[in-house]
Amino acid sequence: MGEHEKKNGTSSEAAKTPEESSATSGFSIKMFKDLCFRRCKSCVGSSEKYKLNLSFQKKYDSSRESVRVQREIGLGSSIAITLGLIIGAGIFVSPKGVLTYTGSVGMALVIWTVTGLISMIGAMCYAELATSIPFSGSTYSYLMKCFGELPAFLYIWTQISILTPVYIVILSLTFANYILESFFPRCVFPPGAVRLLAALPICLLTYINCRKVQWTTRVQGVLTSSKILALIIIIIAGAYHLYLGNTTNFENAFEGTTNKPGFYALAFYHGLYAFGGWDCITFVTEELKDPTKNLPRAIFGSLALVTVVYIMANVAYFAVLTPYEMLASNAVAVTFAERTLGPLSWIMSFFVALSTVGALNSKILKSSRVFYVAAREGHLPGLLSMINLNYLTPVPSIVFVCLLSIVYLSTTELNFLIQYGAFVDSMFGMLTIAGMLWLKHKEPDLERPIQVRTLLNKSIH
């Protein structure tokens, strides 16, 4: 044994806790747990917590023996996961909300463009944080680094009690409604049947996420392809109607635009809801291959594509449907399909259902990693910080997300929770971006592979 190895061995011996030392003398509960799970040790002791930069993390990963999640997510899978969460139910239902509160076709298209730009600015800030703080957990990890444990603790419990179960239930119920609408059009469905069908994708995707990360990314790739295909159908059908000369809705496009500032705020909310999820890939930073390069490429590439597709899809909607038809519809995509596809309109309902499953898959992947990292830092029970030795996935946290969502399926009173959850989510997002600015002042020498230039740079540095 070399001198370097002796030093490592001595330091590891000293680092043992009394519980670990006593466990070596005989059988203990800890030994039994180690046969099944072992805590992921990507972050070392609390005094060193979140002080690791990217180069040290690479050195640490290569020199320390530990059971941990693997870097198996490449650039293509990263883009598929991000697109999978961004393109969910939003683009198929939000156009009505944006039009309702803007009052005109022209201003609705402006709102869609601006919300895409706002999302891009947020993505730039998160890209800097993700490459300078290379740990899974996204907002949770960044708040921990920037402001300490209290904001991170509050965020994780907000995720548990509001954000995660509400958004998963919304997606699963949307899936159930669209699937039933595909096979039984113009029927009224018992709430119990809808809830049972909604639980099916949650349980199935939980199993897939537990088994292997690569399975998750393959499923995500297929589901992302289906939702892109649905949007391509909408765009092509709209382009054909424009070619036929159906441009009436674009004449005097800004006529009827609202002059109430509060309505613009609500319009932005609906637009940003459709773009929500661009930060998904920052929740699995520790599982990305070459995160310094692939993470910003995945975020920027996905958002640029989504912004263009969303604007084109809205132009297509207005080429086929009048504003009054959009406002009267409860499912804009289905109404659009009935006008353009005729008897094959059920195909659109099917594609929308697949779209929600893709978003649900990304949401489960994202949320389980947040709970996994939070438990690793002691903010949740230690069981959730363990990973399965056979599959190298955080099985307890994934199952926890599933059980939590099933509990919330018992209620259909979601309107208040959605509004409250969106407000809380936005507040934590703003706090995280403020944390990025504070971190520039607090740790100016921190390695930042990606840097966001701001108007405050001179005063901060």
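Author: Helices in this structure are DSSP runs of H or I with at least four residues, strands are runs of E with at least two, and both are numbered from the N terminus. The model is predicted, so local features need pLDDT of at least 70 and side-chain atom pairs count only at pLDDT 80 or more, while totals for chains, interfaces and linings use all residues. Residues are numbered from 1 along each chain as its sequence is written, and side-chain values use heavy atoms, with hydrogens and water left out.

Reader: Thanks! How many helices and strands are there in the chain?

Author: The chain has 19 helices and 2 strands.

Reader: How much of the chain do buried residues make up?

Author: Buried means under 20% relative accessible area, exposed means over 50%, and partly exposed lies in between (1.4 Å probe, protein chains only). Here, 52% of the 461 residues are buried.

Reader: And how should I read contacts?

Author: Two residues are in contact when heavy atoms come within 4.5 Å. Take the contacts in this chain between residues at least 6 apart in sequence: 81% of them join residues at least 24 apart.

Reader: Is Thr158 buried or exposed?

Author: Thr158 has a relative accessible area of 13%, so this residue is buried. Thr158 belongs to helix 9. Beyond its neighbours within four places in sequence, Thr158 touches Leu163, Val424 and Phe428.

Reader: With which residues is Thr206 in contact, leaving aside its neighbours within four places in sequence?

Author: They are Ile364, Ile398, Val399 and Cys402. Thr206 itself lies in helix 10 (residues 191-211), and at 7% relative accessibility Thr206 counts as buried.

Reader: Ile398 and Cys402 made me look at helix 17. Which residues of helix 17 are buried?

Author: In helix 17 the buried residues are Val395, Pro396, Ser397, Ile398, Val401, Cys402, Leu404, Ser405 and Tyr408. A handy general idea: an α-helix has 3.6 residues a turn, so residues three or four places apart point the same way.

Reader: What should the 14 residues of helix 17 span?

Author: The expected span of a helix is 1.5 Å times one less than its number of residues. For the 14 residues of helix 17 that gives 20 Å, and the end C-alpha atoms are 20 Å apart, which agrees.

Reader: At what angle do the axes of helix 9 and helix 17 cross?

Author: Axes are lines fitted to C-alpha atoms, for helices over the stretch in contact, and angles between N-to-C directions run from 0 to 180 degrees. Under 35 degrees counts as roughly parallel, over 145 as roughly antiparallel, 65 to 115 as roughly perpendicular, and the rest as oblique. The axes of helix 9 (residues 149-183) and helix 17 (residues 395-408) come within 9 Å and cross at roughly 75 degrees. That makes the two helices roughly perpendicular. Helix 9 contributes Ile160, Ser161, Thr164, Pro165, Val166, Ile168 and Val169 to the contact, and helix 17 contributes Phe400, Val401, Leu404, Ser405 and Tyr408. These residues divide into 9 nonpolar, 3 polar and no charged. Ala, Val, Leu, Ile, Met, Phe, Trp, Tyr, Cys and Pro count as nonpolar, Asp, Glu, Lys and Arg as charged, and the others, Gly among them, as polar.

Reader: How many salt bridges does a search of the whole structure find?

Author: Side chains of opposite charge can pair when their charged atoms come close. A salt bridge puts a side-chain nitrogen of Lys or Arg within 4 Å of a carboxyl oxygen of Asp or Glu, and the search finds 4. One of them pairs Arg448 with Glu128 (3.4 Å, N to O). Arg448 lies in the loop between helix 18 (415-442) and helix 19 (457-460) and Glu128 in helix 7 (residues 105-132), 320 residues apart. Both of these residues are buried, and Glu128, Lys440 and Arg448 are linked in a network of salt bridges.

Reader: Which side chain does Glu443 meet in a salt bridge?

Author: Its partner is Lys145, at 3.1 Å from N to O. Glu443 is in the loop between helix 18 and helix 19 and Lys145 in helix 8 (residues 139-147), so the pair ties together parts that are 298 residues apart in sequence. Glu443 counts as partly exposed at 23% relative accessibility, whereas Lys145 is buried at 6%.

Reader: And with which residue does Arg339 form a salt bridge?

Author: Arg339 pairs with Glu325, and the closest N and O atoms are 2.8 Å apart. Arg339 is in helix 15 (residues 332-340) and Glu325 in helix 14 (residues 323-328), 14 residues apart. Arg339 counts as partly exposed at 45% relative accessibility, and Glu325 counts as partly exposed at 30%.
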